[in-house]
Amino acid sequence: MSNIKKAFENGKAFIPFITCGDPDLKTTKEVVKAAVQNGADLIELGIPFSDPTAEGPVIQGANLRALSGGVTTDKIFDFVRELRQDISIPMVFMTYANVVFSYGAEKFISTCRNIGIDGLILPDLPYEEKDEFQPICKKYGIDLISLIAPTSENRIAMIAKEAEGFIYIVSSLGVTGVRSEIKTDLASIVKVVRENTDVPCAIGFGISTPEQAKKMADISDGAIVGSAIIKIIEKYGKDSPKYVGEYVNSMKLSENS
């Protein structure tokens with residue numbers, strides 16, 4: 001059984017996305033700890049990339065701040081090793097295929113295993129090309145997380161059947177970012193997923209308020225929030241862990257209310 005399943009055992013899962021190294025790795029560590037103490041069930045750690053095509057301006061900004069602060073993949077690996085001394089909940093990396101390629105796929109994925117990363121999300125990896133990473137992920141017991149978007153349509157069943165860890169359902173077309181309203185017919189996407197797999201699914205992209213989190217958690221197995229958390233970190237910098245903790249607590253409570 002994948003460690004990721006544990007994230008979905010305490011009611012609806014709340015999954016925060018945090019960019020590593022924004023504003024610095026010391027703050028990232030405290031933010032993660034605050035999120036976990038306040039009910040986060042799984043942590044999605046972003047490895048910064050200079051051309052994050054799936055991201056809106058908020059997370060792009062976090063990527064640039066982290067990179068200009070000197071964050072590297074190796075420093076992030078060391079940071080996760082340290083983090084694992086205090087944190088036992090599942091953690092996954094979200095980054096881009098290019099980051100893994102340039103590091104060396106086998107070296108990158110085997111290191112994930114060694115430091116206690118449970119899964120990998122590569123938003124720019126087309127379903128048809130996942131075989132470039134899938135066998136290596138399998139070899140080291142890392143779940144390659146599938147994304148299902150509103151445009152996946154007739155491929156939803158196919159993607160769901162092969163999914164592992166959890167399925168990341170993208171709520172809306174376009175890039176990440178806070179949205180005032182999510183109009184996609186997500187219930188029908190989740191229905192097709194449920195007919196084809198018992199792997200849990202969580203909805204992300206555009207969720208920022210407790211009301212949205214509850215709505216998404218009612219349809220699926222959990223909610224993923226990135227931009228709203230990054231905005232708090234951008235606003236409060238090194239003082240942000242306390243505020244992120246309060247935010248995570250309010251989101252987790254609303255999901256399971």
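About 50 Å³ of space lies in the second largest cavity. A volume here is the space filled by probe spheres set on grid points, which are joined across faces, edges and corners. This is a predicted model: local features need pLDDT of at least 70, side-chain atom pairs count only at pLDDT 80 or more, and totals for chains, interfaces and linings use all residues. Residues are numbered from 1 along each chain as its sequence is written, and side-chain values use heavy atoms, leaving out hydrogens and water.

**Cavities**
- Two cavities of 30 Å³ or more are present in the structure. A cavity is a set of points, on a 1 Å grid over the protein atoms alone, where a 1.4 Å probe fits but cannot get out.
- The second largest cavity is lined by Phe17, Gly46, Ile47, Glu55, Ile59, Asn63, Met94, Thr95 and Tyr96. Lining residues have an atom within 4 Å of a point.

**Ser152**
- Ser152 sits in the loop between strand E5 (143-148) and helix H7 (156-161). Helices (H or I, at least four residues) and strands (E, at least two) are DSSP runs, numbered from the N terminus.
- Ser152 is buried, at 5% relative accessible area. Buried means under 20% (1.4 Å probe, protein chains only).
- Gly56 is 96 residues from Ser152 in sequence and 21 Å away in space, C-alpha to C-alpha.

**Cysteines**
- The whole structure has zero disulfides. A disulfide is a pair of cysteine sulfur atoms within 2.5 Å.
- The closest cysteine sulfur to that of Cys112 is in Cys137, 7.9 Å away, so it is too far for a bond.
- Cys112 is buried, with 0% relative accessible area. Cys137 is buried, with a value of 0%.

Note on methods: 1 Å grid on protein atoms, 1.4 Å probe; cavity = no way out; pocket = protein on both sides within 12 Å on 5 of 7 lines; lining within 4 Å. Buried < 20%, exposed > 50% of the residue type's maximum accessible area, 1.4 Å probe, protein only.
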